[in-house]
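I opened my notebook to record what I looked up, entry by entry, in the structure shown here.

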Amino acid sequence: MELTNAQRLKLNAALDTLLPGDEWWPAAGGLGLVDRVLELAGLDPSHPGMVAEACSALPADFHQQDSDARTAVLERLEAGNSALFGVLQLLAYNAYYTDARVLDVVESRTGYEARPPQPRGYVLEPFDESLLEKVRTRAPFWRRV
Amino acid sequence: MSEVADVLVVGAGPSGGAFSWRLARAGVKVVCLDRGYRVAPEDYPTDQPDWESRRIRDFNPNPNVRRLPQDYPVDDEDSPIKPLMFCGVGGSTIMWSAASPRFHPSDFRVRSLDGVADDWPLRYRELEGYYDLCDRMVGMGGMSGDPANPPRPPRSTPPLPLGEGGERMARAFDRLGWHWWPVDGAIISRPYRGRSACNNCGPCEMGCPRGAKASADVIWWPEAEEAGARIVTGAAVSRVTVDRKGRATGALWFDESGAEHHTRARVVVLAANGLGTPRILLSSATTRFPEGLANSSGLVGRRLMLHPVAAATAVFTENVGSYVGADAYSIFSQEFYETDADRGFARGYLMQVTRGQGPLITALGGFNLDIPWGRGHHRRFEELFGHVVTVAVLCEDLPDHDNRVVLSDRLADRFGVPAPKMIYRFDENSEKMIDHGLANAEQVCLEAGASEVLLTRFLPQAGFHLMGTARMGSDPDDSVTDPFGFCHDIPNLGIVDGSVFVTSAGVNPTPTLTALALRSADHLLHHRDLETPWN
């Protein structure tokens with residue numbers, strides 16, 4: 001999928017607005033995720049051309065607006081065309097939360113290991129049968145028929 | 001292809017697998033057609049960096065989102081609950097979460113006991129031995145001794161770990177004086193019959209590369225194929241064929257190139273799920289059967305049941321690591337499972353404790369979360385990720401004649417076969433049950449120490465239990481199949497999936513539909529002449 005330079009600027013600004021940075025978390029646009037968003041859009045046949053359509057729905061100077069103004073624009077898009085906004089949000093989150101740099105932040109902020117769940121899996125304490133001590137004293141209560 | 005099978009099975013999921021396993025081991029020549037393909041352990045994406053991205057794309061359980069070439073679309077615009085299923089060897093067990101409670105004895109007698117719906121044409125005790133057989137095959141995990149259920153043999157493997165979140169919920173149920181128990185689950189916590197134990201990776205619905213989860217491709221098909229059963233993949237059945245006497249003769253199907261084939265058989269058995277089976281029957285209409293095959297009762301596609309699911313999510317101040325461990329296999333409560341007239345509704349519900357999800361799915365809202373985009377996003381993400389445990393309320397769905405599957409007039413698969421269209425609404429009984437269940441789920445979350453509880457009255461992406469669309473019964477005027485799953489109108493046409501359910505009970509259906517399939521196979525083996533199975 002190809003975007004014009006103007007569309008790329010608007011998409012980058014939209015990413016920053018959806019997922020802005022703070023003291024710990026990087027902004028999505030600052031990570032340079034535009035190409036990843038386009039790659040993900042190309043993998044999904046359910047919304048062809050919707051990224052370009054979303055960019056077209058944003059004002060020409062969107063990327064030059066301040067954060068409050070961009071937020072207001074996206075709020076209007078969300079209210080007026082939830083399907084289009086939903087695709088934009090889905091792709092933005094998809095690119096962001098599968099980026100290794102973001103997963104490193106997830107790990108540092110939450111303890112969740114920045115790796116796929118397999119093949120290592122996770123270690124948990126075995127089921128503790130003593131938990132059943134109380135409920136085991138209850139008489140059977142299923143209906144006999 | 002011009003092959004003649006003793007038995008042609010359509011669908012390689014758990015019921016088709018168990019049915020074929022039983023027959024093939026008895027020497028019956030079984031051919032199974034499935035429109036999907038085999039999924040090898042290395043195909044599962046959970047060891048890949050983009051594994052969560054795949055979850056919302058080609059490993060999405062909703063076929064309308066997944067859109068793989070082998071999928072057929074489902075017209076769901078008239079249903080608030082969306083379909084979840086998988087086409088391929090193993091069927092929807094490839095993507096199931098493996099919670100495996102049984103029906104209760106009362107579930108087979110709801111008309112007699114509670115004056116609603118209909119009794120089944122069989123009793124629990126007739127199915128009990130088949131449940132036990134399934135349990136041994138899958139290595140059922142859990143604990144015997146549950147006071148909410150009839151006694152059953154020791155489970156094959158201990159329950160999976162609950163994790164901190166599950167243990168908090170268990171103690172909360174105790175403090176409220178409500179029943180809870182580790183749910184029977186088809187995931188092994190210890191090695192069993194050559195399979196590796198679960199390593200608590202989490203996203204069971206994305207397939208299990210270790211074989212710890214008992215999907216049908218792992219449990220039934222290896223032995224069935226070793227005994228001679230043959231699976232044809234990429235075979236999209238369009239219709240069942242019948243002869244002039246109205247007997248089933250086989251099935252027409254398309255291969256992936258679009259070429260059409262006919263496989264002939266003495267017996268045809270549909271195991272294509274509660275949407276796929278009525279779709280094939282309705283698509284198979286002929287001059288003799290203008291309303292579709294086996295439909296003299298008018299009930300093919302009728303009485304669609306889906307199990308409305310409500311959810312209460314406990315948010316804990318502390319990180320309880322809820323992204324770790326089998327995501328929907330933990331503990332359950334059947335405190336409110338049986339009818340209590342004081343509640344204002346008939347029948348009841350199951351409360352199933354589930355866990356959290358990975359970062360991407362959490363950010364997207366998971367089952368039930370509210371994470372805003374923009375400035376508040378990261379703060380809210382950190383409040384919820386790893387901090388949540390959900391209590392899902394799975395409601396018994398009483399059959400309603402108007403809830404149904406018909407052929408879509410606007411969607412078709414890539415071969416031109418009409419898609420199934422779901423027409424479904426909640427009835428008043430379900431609405432009351434949801435309210436009651438949600439209030440109690442909220443209460444247990446608060447009792448567990450939740451700082452906040454997020455409530456959702458029903459989950460749209462929860463159409464994983466597809467039942468009732470070709471019900472069984474003794475009366476041909478009021479049922480599609482006989483009590484063993486063979487059609488009243490066409491005795492050599494069988495149905496062994498959730499379509500035959502008379503009622504839905506308030507539990508996950510796979511153990512029951514698998515047990516029913518084994519029972520149907522035994523009936524065919526012992527009470528029918530395979531040379532002239534229509535007699």
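This is a predicted model: local features need pLDDT of at least 70, side-chain atom pairs count only at pLDDT 80 or more; totals for chains, interfaces and linings use all residues.

Residues are numbered from 1 along each chain as its sequence is written, and chains are lettered from A and ligands numbered from 1 in the order in which they are written.

Entry one: the helix. I looked up α1 of chain A, residues 5-18, where helices (H or I, at least four residues) and strands (E, at least two) are DSSP runs numbered from the N terminus. I found that 10 of the 14 residues of α1(A) are buried, so the helix is largely enclosed by the rest of the structure; buried means that 20 or more other C-beta atoms, placed from the backbone, lie within 10 Å of the residue's own. Among the buried residues are A:Leu9, A:Leu11 and A:Leu15.

Entry two: the contact. I saw that chain B gives 59 residues and chain A gives 46, two residues being in contact if their C-beta atoms, placed from the backbone, lie within 7 Å. On the side of chain B that touches chain A, the largest share, 4 residues, comes from α6(B).

β1(B) pairs with β8(B) in the parallel sense over 6 bridges, pairing being counted if DSSP finds at least two bridges between two strands. B:Val4 stands opposite B:Arg264 in β8(B).

Definitions and conventions: The expected span of a helix is 1.5 Å times one less than its number of residues. A residue is buried if 20 or more other C-beta atoms lie within 10 Å of its own, exposed if 12 or fewer, and partly exposed in between; C-beta atoms are placed from the backbone.
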